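Please keep the sequence and the model open while reading.

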Amino acid sequence: SFLYSRQISYEIKNQRIINNVFVTTLHNMSSESQDPLVDPEAEIIDPSKDKMRQKVSKRAIATLLILVYINLLNYMDRFTVSSVLPDIQKWFGGIGQKKAGLLQTVFVVAYMVFAPVFGYLGDRFPRKYVMAVGITIWSATTFACSLMGKTHFWGFFALRGLVGIGEASYSTVAPTIIADLFVGDNRSKALSFFYFAIPCGSGLGYVVGSKVASLFHGPDKWQWALRVTPVLGVVAVILTLIAVHEPKRGALETGANQDDRVDGELSESVALVQEHSYIEDLKKIFKVKSFIWSTIGYTCVSFTIGALAWWAPEFGLYSIRLKDNPKEVIENVSYKFGIVTFVSGVIGVTAGAEMARRWRRRNFQADALVCALGMLGGIPFLFLTLYLFDKQQTFAWVLMAIGEIFLFLNWAPNGDILLYVMPPSVRSSAEAVQIVLLHTLGDAFSPFILGAIADAYVGKNKDHLTDHEKLANQQRGLLYALYVTPFVCIIGAWAYIIAGRHLEADKKAADAEALNEADIPPSSALDQMPPAPSADNSSGGGSSNPPVNRIVVHDIYDHIQNQESDSDDSYEEDNEDRRQLIQQPQKVNKRTERIV
């Protein structure tokens, strides 16, 4: 059907013609053909007038805004510690880079270990209550971290792990709610908005953490930076319980319960009894090749960004002190790094989502190819940033911004890939599995690994050095450690290219699985086709064609509509084609009949 729709889409350039031809053809076929498609007396569904395909409910928008706010807090909380890391190291007795890297490692290890638990719960219980519990845990433990004394490093270490447990609940469940609130291009736009919070929240974590700490004096000023997000977390819990809408899983995609819903507002606030076990869910997930390869690529993104987020401010601090400002403080560097990350995130996530959305109309591999482009494009800028930071700092900041824009192209397309190659019943579990894998091999250990490399270099060259030489030694140790990241980006780009080759087949399989899982009662003439008369008995009986669900007709219509939107700029150029099309309605009807 997609091939046929592509064949005629270039001739149908006007929205009015699409609507008229489609509906008229269905009427003609029902009234003139001996093999009717629909009951002539039944109501014909005009896809352009189906509000569910064109309109998003206010409740869905409100829920999306709340989820974006919580995701913003999620990443603010995660990177506030990075913004004041040197102060934390001094507070706990001058711990080294390796031990400081463990603070991020324990957070991510706890995060990934408990992600499958919350994924399992998210597929079976009301998701907003799962999120509320998690937000409460992370807010309370973050505040407790700010109360640790100088001799309680391991208590601080343990509490950072509990913060990871709380954040795991939200990250595994929130994208699946968005998937059940939006479909098609609306879902891509909603996901891109949701994923704004990753770079923007990370940037705000540096900005807010550094600025709040600078308002106070003394060695404990870093503690005040950690007390901002817990207060905002209380607001998030209240909004989650009161205002978040719990959509029915998969209802928009399968067209289930058409008569019972208004603008996608069908609710599901009860526990589900799944007919399959968690082991069966995992088997289903790991059969999806595009999921496996995109997860490998996303792991490389996680490794690179995790390492940069943790060590780049400290590397920048040492580089600036070496160049021209020996008294530079971490708060100023973290503030600049946060601004760069925030701006780059807005541009990168927006560009990545829009590039994938437009390119997808011509190439179904677009999401994976945009991710690969982001990885490859960021490599030269990342390398030059590291090399030039102690030489040309202004130029290095610009290069860093461009490199981060390329890396942030990945967020929205990668999230979209997982949601459309997985059937609705296992999406939370798939999110959890991806979280476990990308953090196990990504940002769980990249700060620790790079910190160990830096310490190994410093340890070999620390004897009989002046203060300036020790500073240079620390800067070079982090420089050589961070040089690992461009090579990881190459592996990630390769994995995304392979993932793209499997996307189309995996999406078709997921769509078929979603329809099999859904209980779809007939709601219109298109939901149940009358049996076609056999060749030897035109009065009825004989053959029995399978029923065609309305979602199939909508998919054809949406595809034509997407092709139409790409051709708006060539209106005058194709005006003659349009006139010929209007004059030859029978030709269009025949071609549309083949599509249907």
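In which helix does Ile347 lie? Ile347 lies in helix α15, which covers residues 330-359; helices here are DSSP runs of H or I with at least four residues, strands are runs of E with at least two, and both are numbered from the N terminus. The model is predicted: local features need pLDDT of at least 70, side-chain atom pairs count only at pLDDT 80 or more, and totals for chains, interfaces and linings use all residues. Residues are numbered from 1 along each chain as its sequence is written, and side-chain values use heavy atoms, leaving out hydrogens and water.

Ile347 counts as partly exposed because its relative accessibility is 42%; buried means under 20% relative accessible area, exposed over 50%, and partly exposed in between, with a 1.4 Å probe and protein chains only. Together with Tyr335, Ile339, Phe342, Val343 and Val346, Ile347 makes a nonpolar surface patch of about 450 Å². Such a patch joins nonpolar side chains (Val, Leu, Ile, Met, Phe, Trp, Tyr) within 5 Å, and like charges within 9 Å, using residues with over 30% relative accessible area and no salt bridge.

Pro413, in helix α18 (residues 411-421), is buried because its relative accessibility is 1%. Its C-alpha atom is separated by 9.2 Å from that of Met355, 58 residues apart along the chain. Not counting residues up to four places away in sequence, Pro413 touches Gly352, Ala353, Ala356, Asp367, Val370 and Cys371, where contact means heavy atoms within 4.5 Å.

For the protein chain as a whole, there are 26 helices and zero strands. Buried residues make up 56% of its 596 residues. Among contacts with a separation of 6 or more, 82% are between residues 24 or more positions apart. The chain exposes about 25,100 Å², of which carbon and sulfur atoms supply 61%; these areas come from the Shrake-Rupley method with a 1.4 Å probe, and for residues only the protein chains shown count as cover.

Side chains of opposite charge can pair when their charged atoms come close. Counting a side-chain nitrogen of Lys or Arg within 4 Å of a carboxyl oxygen of Asp or Glu as a salt bridge, the total is nine. Asp180 and Arg127 form one of them, at 2.9 Å from N to O. This pair links helix α8 (residues 153-181), holding Asp180, with helix α7 (residues 127-145), holding Arg127, 53 residues apart. Arg427 also forms a salt bridge with Asp180, at 3.8 Å between the closest N and O atoms. Arg427 lies in helix α19 (residues 427-440), 247 residues apart from Asp180.
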